[in-house]
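Welcome! Let's take a friendly look at one protein model, its charged pairs and its pocket.

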Amino acid sequence: MTEIINQAAAQLTDAVSRILETDAEMVAGYSRVKARTISRYALLIGEAYAAGELSEEELRAEVEELDRMAERFVRNIRALAHTAIERVLAAVAETLRGLIGASALARGATPPELTLPRL
């Protein structure tokens, strides 16, 4: 029994690690690109203002747009994190249902179809 529990725990750990590592790489890549883009935009705003190409009113409008860009950036990161959590829950639930099925089958009982949780 202990060996089965250890195998199931290893499966869970592997699934969670694989998903989180993949999603962490995706979030990091997105973050780098988006942060670079927003930073470049901020520098361009400062340069345009310094060169007299933007009035103070136009500068304020550009800063408001920059704030909206930053807000979308943060919301997208939050959405990516939420997606990662959903994928982890699905992987854990699937592994646990498989363990229940294997345990029941090993004792001669056919388990019913167990659906994954709704997220």
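## A starting question

Is R75 buried, partly exposed or exposed? At 40% relative accessibility, R75 counts as partly exposed. Here buried means under 20% relative accessible area, exposed means over 50%, and partly exposed lies in between (1.4 Å probe, protein chains only).

Two notes on how to read the values: this is a predicted model, where local features need pLDDT of at least 70 and side-chain atom pairs count only at pLDDT 80 or more, while totals for chains, interfaces and linings use all residues. Residues are numbered from 1 along each chain as its sequence is written, and side-chain values use heavy atoms, with hydrogens and water left out.

Side chains of opposite charge can pair when their charged atoms come close. A salt bridge is a side-chain nitrogen of Lys or Arg within 4 Å of a carboxyl oxygen of Asp or Glu. By this rule the model has 4 salt bridges. One of them joins R75 to E71, with the closest N and O atoms 3.5 Å apart. Both residues lie in helix α2, 4 residues apart, or about one turn of the helix. Helices (H or I, at least four residues) and strands (E, at least two) are DSSP runs, numbered from the N terminus. Like R75, E71 is partly exposed, at 47% relative accessibility.

The members are partly exposed: E65 at 23%, R68 at 38% and R72 at 35%.

## The largest pocket

The largest pocket has a volume of about 200 Å³. On a 1 Å grid over the protein atoms alone, a pocket is an open set of points where a 1.4 Å probe fits, with protein on both sides within 12 Å along at least five of seven lines; lining residues have an atom within 4 Å of a point. The volume is the space filled by probe spheres set on the points, which are joined across faces, edges and corners.

Of the 11 lining residues, I4, L99, A102, S103 and R107 are the closest to the centre. Helices α1 (2-50) and α2 (56-106) each give two or more residues, and α2 gives the most, with 6. The lining divides into 6 nonpolar, 4 polar and 1 charged. Ala, Val, Leu, Ile, Met, Phe, Trp, Tyr, Cys and Pro count as nonpolar, Asp, Glu, Lys and Arg as charged, and the others, Gly among them, as polar.
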